There are 2 protein chains.
Amino acid sequence: MQISSRFTLAIHIFACINTFEDEYKVTSDFLAESTNVNPVIIRKILGQLKGAGLINVARGTGGASVAKPLNQITFLDVYRAVDCVENGNLFHFHENPSTNCPVGRNIHHILDDKLVRVQAAMENELASITLEDLKRDTEKYLLQEKEAAQGK
Amino acid sequence: MQISSRFTLAIHIFACINTFEDEYKVTSDFLAESTNVNPVIIRKILGQLKGAGLINVARGTGGASVAKPLNQITFLDVYRAVDCVENGNLFHFHENPSTNCPVGRNIHHILDDKLVRVQAAMENELASITLEDLKRDTEKYLLQEKEAAQGK
DNA sequence: CTGGTTGTAACAAAGAAGATTACAACAAAT
DNA sequence: ATTTGTTGTAATCTTCTTTGTTACAACCAG
């Protein structure tokens, strides 16, 4: 199985906030339209991002905004906030290896540190990308699109 | 969601082959007992490992053995063989982002290269671990267990 | 107080993983 | 040639997870 789409959705949400917050109020309905995902799902994700202190959202008034400087939020922060993998473990283990078998009862001893290394490599890379990078690249591609439309 | 337990199962299978092949015939029933997973599931995984040229298994005769030198099989080979993530993509994308929204229709341009980097970091780490490492550590932990039992 | 919004509960729908049963294909031993 | 033990695979079931959907209370601003 893959990592939940909540992660790419959350990034999409930040890209929208960065791009549109001066122009529109970025509500769950607005985001639902852009992502083509149900507004309740969006609100759940917004709630998780808010819980992690990454964005501000409020009842009544509505509209999401980023809560910290963009270069201080990494993809890893977002990944952790939306709780993509169970218990934070990337790898799923078969549940009850036999305690009668020497390999079965030691498989975690044998394997866990290796899986931790793999997961750490992935998370380090996530930590190296910030929302500032995201904003810069979003602007780049939107500008390219605009220029292409003008036939340059 | 997490990465399918087929991966940890496949590693468990190799640990069993390494440990027991001189003593027992390592059949799908044997492995089902050690992993506590249904033999049909084991046979499916054995089939994938065989398809990737990592092990030998045959009808009738039965019993799995490793097809290549242990230091020439990496965790990445195993990971790829058992097809853990759809289309080889670690991240799941929301399916139909709006083409009306500038962000929606560019989200893949913006994001794909970053996700590729993250995935590559993880796969490089997987590639750095071999079945030889697995065998060495398996022997280490089984020996530790034996010594502990003798009260050393 | 009205309108628009979030937060959340409850349930439905869809999809995927793994379990299970059943059986044909096959090889080796006798 | 038959028996035995095994793999390969189809078909179906159960369970779990994700996502969608409906509904509505809580809330804020004008």
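In the predicted model, a salt bridge joins the side chains of Glu125(A) and Arg117(B), with an N to O distance of 3.3 Å. Between chain B and chain A, six salt bridges are counted. Polar contacts link 31 residue pairs between chain B and chain A, both residues being at pLDDT 80 or more.

Four helices of chain B, namely H1 (6-20), H2 (28-35), H5 (102-127) and H6 (131-149), each provide at least two residues of the side that touches chain A. Helix H5(B) gives the most to this side, with 17 residues. By residue class, the side of chain B that touches chain A consists of 31 nonpolar, 20 polar and nine charged residues.

In total, 60 residues of chain B are in contact with 60 residues of chain A. The size of an interface is often expressed as the accessible area that is lost when the parts come together. Chain B and chain A bury about 5400 Å² between them, and 65% of this area lies on carbon and sulfur atoms. In chain B, the most area is lost to chain A by Met1(B), Gln2(B) and His94(B), which together account for 14% of what that side buries.

Within chain B, Ala127(B) belongs to helix H5. Ala127(B) is classed as partly exposed because its relative accessibility is 31%, a value between the limits of 20% and 50%. Leaving aside neighbours within four places in sequence, Ala127(B) is in contact with Thr74(B) and Leu76(B). Ala127(B) and Leu76(B) are separated by 51 residues in sequence, while their C-alpha atoms are 4.8 Å apart in space.

Technical notes:
Residues are numbered from 1 along each chain as its sequence is written. Chains are lettered from A and ligands numbered from 1 in the order in which they are written. This is a predicted model: local features need pLDDT of at least 70, side-chain atom pairs count only at pLDDT 80 or more; totals for chains, interfaces and linings use all residues. Side-chain values use heavy atoms; hydrogens and water are left out. Contact means heavy atoms within 4.5 Å. Buried area is the accessible area (1.4 Å probe) that two parts lose on being put together, summed over both. A salt bridge is a side-chain nitrogen of Lys or Arg within 4 Å of a carboxyl oxygen of Asp or Glu. A polar contact is a pair of N or O atoms within 3.5 Å; within protein, one must be able to donate a hydrogen and the other to accept it, and residues adjacent in sequence count only if both atoms are side-chain atoms. Ala, Val, Leu, Ile, Met, Phe, Trp, Tyr, Cys and Pro count as nonpolar, Asp, Glu, Lys and Arg as charged, and the others, Gly among them, as polar. Buried means under 20% relative accessible area, exposed over 50%, partly exposed in between (1.4 Å probe, protein chains only).
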